[in-house]
Amino acid sequence: MTELLSQLWTPELQAAFTVVVVLLVILYVLSIVWVVRDAYLRGSYWYVWAIVALIPLLGVIAYCLLRPPLLQIDRDEQELEIALKQRELMKFGECANCGYPVESDFVLCPNCHQRLKNLCVTCNHALDPSWTVCPYCATPVGGAPARRSAPRGRTQQPQQAAPQQQRQARSGAAQPNGEHPAQ
């Protein structure tokens, strides 16, 4: 049996076997390098996958089955694309009255003519109904003068104070500031 084996194990066969073993070792090292690099680019724990890849053949197969589907740069690009699309969609809304799609700066719904926003009397920008002042030109909404804090002694509302001042002016009584009306 030994003679048969020595006859088959020729120097040419021995050289071919050595070449195959060297190629398998190179393939094994390259597979570990590929797993580490790919895991790093995918944002995974590359050092953990490097240890798993040390198991010949099974480590690489396990990585191929469990690796993240996208590279980190692709995920970042996808997130930016989604954010951009959300931002574009924020330019649009729906009419509260009829549900018709409207743009964010529409003042009236083109379908049902429902007032969606107020217009600034000074700069004609569309204003949100909840705003009390135009953020573009600082004009109070509705054309009314800017509200200032009333003096502490005075608690009357402006609508109630006007008729009382008219009555006082007719009767010739003293003005609220203590002066007498001009006669």
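The following legends describe an overview and several close-up views of one predicted model.

Overview. The model is predicted, so local features are reported only at pLDDT of at least 70 and side-chain atom pairs only at pLDDT 80 or more, whereas totals for chains, interfaces and linings use all residues. Residues are numbered from 1 along each chain as its sequence is written, and side-chain values use heavy atoms, with hydrogens and water left out. Helices (H or I, at least four residues) and strands (E, at least two) are DSSP runs numbered from the N terminus. In sequence order, the elements follow the pattern α-α-α-α-α-β-β-β-β-α. The accessible surface, calculated by the Shrake-Rupley method with a 1.4 Å probe and, for residues, with only the protein chains shown counting as cover, is about 15,100 Å². Carbon and sulfur atoms contribute 61% of this surface. Of the 183 residues, 14% are buried; buried denotes under 20% relative accessible area, exposed over 50%, and partly exposed in between (1.4 Å probe, protein chains only). Contacts are heavy atoms within 4.5 Å. Among contacts in the chain with a separation of 6 or more, 20% join residues 24 or more positions apart.

**Close-up 1. D38 forms salt bridges with R42 and with R67.** A salt bridge is a side-chain nitrogen of Lys or Arg within 4 Å of a carboxyl oxygen of Asp or Glu, and the chain has three by this rule. The closest N and O atoms are 2.8 Å apart in the pair D38 and R42. D38 is buried, with a relative accessible area of 9%, and R42 is likewise buried at 9%. For D38 and R67, the closest N and O atoms are 3.0 Å apart. D38 belongs to helix 2 and R67 to the loop between helix 4 (58-66) and helix 5 (72-89), so this pair ties together parts 29 residues apart in sequence. R67 is partly exposed, at 29% relative accessibility.

Close-up 2. E81 is partly exposed, with 41% relative accessibility. Elsewhere, salt bridges with shared partners join D38, R42 and R67 into one network.

**Close-up 3. A nonpolar surface patch of about 610 Å² includes W9.** The patch is made by W9, L13, F17, V21, V25, V29 and V33. Patch residues have over 30% relative accessible area and no salt bridge; like charges are joined within 9 Å, and nonpolar side chains (Val, Leu, Ile, Met, Phe, Trp, Tyr) within 5 Å. W9 is located in the loop between helix 1 (2-8) and helix 2 (11-41). At 41% relative accessibility, W9 is partly exposed.

**Close-up 4. C123 takes part in no disulfide.** A disulfide is a pair of cysteine sulfur atoms within 2.5 Å, and the count by this rule is zero. The cysteine sulfur nearest to C123 is that of C134, 3.6 Å away. C123 is partly exposed, at 26% relative accessibility.

**Close-up 5. T139 is a buried loop residue.** T139 lies between strand 4 (126-127) and helix 6 (158-171). Its relative accessibility is 16%. Leaving aside residues up to four places away in sequence, T139 touches C120, V121, T122, V133 and C134.
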